[in-house]
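Biologist: I would like to learn how to read a protein model step by step. Could we look at one together?

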Amino acid sequence: MKIAYVTSEIFPYAKTGGLGDVAGSLPIELSNLGAEVKLFMPGYTTITKKEFDLHSLPELGEINIRIADRDHVIHVFTSTLPNSTVPVYFVDCPYYFGRYEIYTSDPDEDERFILFSKSVIEIIQRLKWSPDIIHCNEWQTGLIPIYLKGNYAWDRLFEKTKTVFTIHNIAYQGKFPKESIAKAEIQHDFLINSGVCEYFGEMNFLKTAILTADAINTVSETYAQELLTTESGAGMEQFLEIRKNDFCGILNGVDYSIWNPEFDHFIPHKYSSRDLSNKMKNKRILLQRFNLPYRKNIPVIGMISRLVEQKGFDLISEGVNDLMKLNARWVILGNGNSKYEKLIKTIVKKYPKKISACFSYNEELAHLIKAGADIFLMPSRYEPCGLNQIYSLKYGTVPVVRKTGGLADTVQDWNESIAKGKETGTGFSFSEYNVLSLVQTLRRTLNMFEKKSIWAKIQLNGMRKDFSWKKSADKYVLLYEKAVSKIKRVN
Ligand code: ADP
């Protein structure tokens, strides 16, 4: 099977969150399963030729893409995804991708990804490669299905091509002023006139993708169910309902060649489930890095996160007095919204001996926190899949999570497992999104931390879990096969 995997971020080239990790690992697993996979992403100027061994592809020539009455010439660079044979094609257009960040709030943000989506199709044409599936991710690639149905329907190359669209987070819909529809120059009067691109008077890339892709999925089974409800669907539930037969949840997997304390080159002291004594050494180094005193028996609660509304920082702020009374130290690594940065800074200022934070994007520190913390906290309001809690399980860092989306699918509450007469729990979870539930759950967690043999059991239960891509990649292959076997494209 031939798969074009299209995404706005791929680790190690560019990453802001889980999408980057997924795009850097799922294609390798698909390729191991025998698929011919090609990756496509924007050539952000931070992706340098020297660091990533990029080669130009002069044989593809210069490609002209017209957006909003302006012609752009794009070039294509290529490289091979590390530890694989999967080729990556980068759309080089400094006018749009030479910005200070991967995602911007510039007024032409829509144009950046209209250009990207069109470019990917044009590159595939020039490669004279006929993919069975174009796998699109997030709103940034959301126009590809409609372009194939309209602008490029004439091209026999795409005669059998089907599209799969993955929703990684419903909150990011690609909403723009209605003029954006004209900028996109979609040649499909019927679909445009039936309003597939429009939602409440705005252009909505996500809605367009939901209504025009051949198959749609999201990144966990629970989140898929949640997205069909008014409470969590962010307005898209009605469109997902229409596509219910073509919509499913597939849990993200993880790449254990990167996220495993046995081989992790970022952490100073490697360890495994056979012997966790080195974890303590990482804890000592972690606390030094965060300028907090080390005490073997005082647990460290770690958080690594984009600082956005979804991640539960308002609960921490609201419950700060109770939370800071707990016998624990806190380390936080995050970047994003300045509102949450300020909020955390205020707490750090008030409780400098209990909590410390670093406000940057730091891959190495993220690995050290996973290795050195005792507890990993994710009190998310919602969480499509969440990778951090899955990584933490492998590092013997017990997750405490709100039972929502992928968190519910990957962390088993210790007490609930005991209630069922089994000692299978891997962490602690709470259902209600409120301070009381958070504080009570952390108290419960800290009680168990004191009971060393039980704690060791919970750690080992987590470390033995296997969330590698194999199972989920098989499910993607089934999804692709289902899409390919569809006779007629959905219009
Ligand atoms: P989301 O996709 O919502 O950001 P996930 O838990 O799925 O959340 O994935 C987050 C990924 O991004 C993890 O690999 C995590 O380590 C990484 N990450 C998030 N914030 C930072 C940061 N400030 N520094 C380093 N890595 C980060």
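Biologist: What percentage of the 491 residues in the chain do buried residues make up?

Modeller: A residue is called buried when its relative accessible area is under 20%, exposed when over 50%, and partly exposed in between, using a 1.4 Å probe and protein chains only. Here, buried residues make up 60% of the 491 residues. This is a predicted model, in which local features need pLDDT of at least 70 and side-chain atom pairs count only at pLDDT 80 or more, while totals for chains, interfaces and linings use all residues. Residues are numbered from 1 along each chain as its sequence is written, and side-chain values use heavy atoms, with hydrogens and water left out.

Biologist: How many helices and strands does the chain have?

Modeller: Helices (H or I, at least four residues) and strands (E, at least two) are DSSP runs, numbered from the N terminus. The chain has 22 helices and 19 strands. Its radius of gyration, taken over C-alpha atoms, is 23 Å, close to the 23 Å from the globule rule (2.2 Å times the number of residues to the power 0.38), so the chain is as compact as a globular protein of that length.

Biologist: Which residue caps the N-terminal end of α16?

Modeller: Asn362 does, with a side-chain oxygen 3.1 Å from the backbone nitrogen of Glu364.

Conventions:
Polar contact = N/O pair within 3.5 Å; in protein donor to acceptor, adjacent residues only side chain to side chain.
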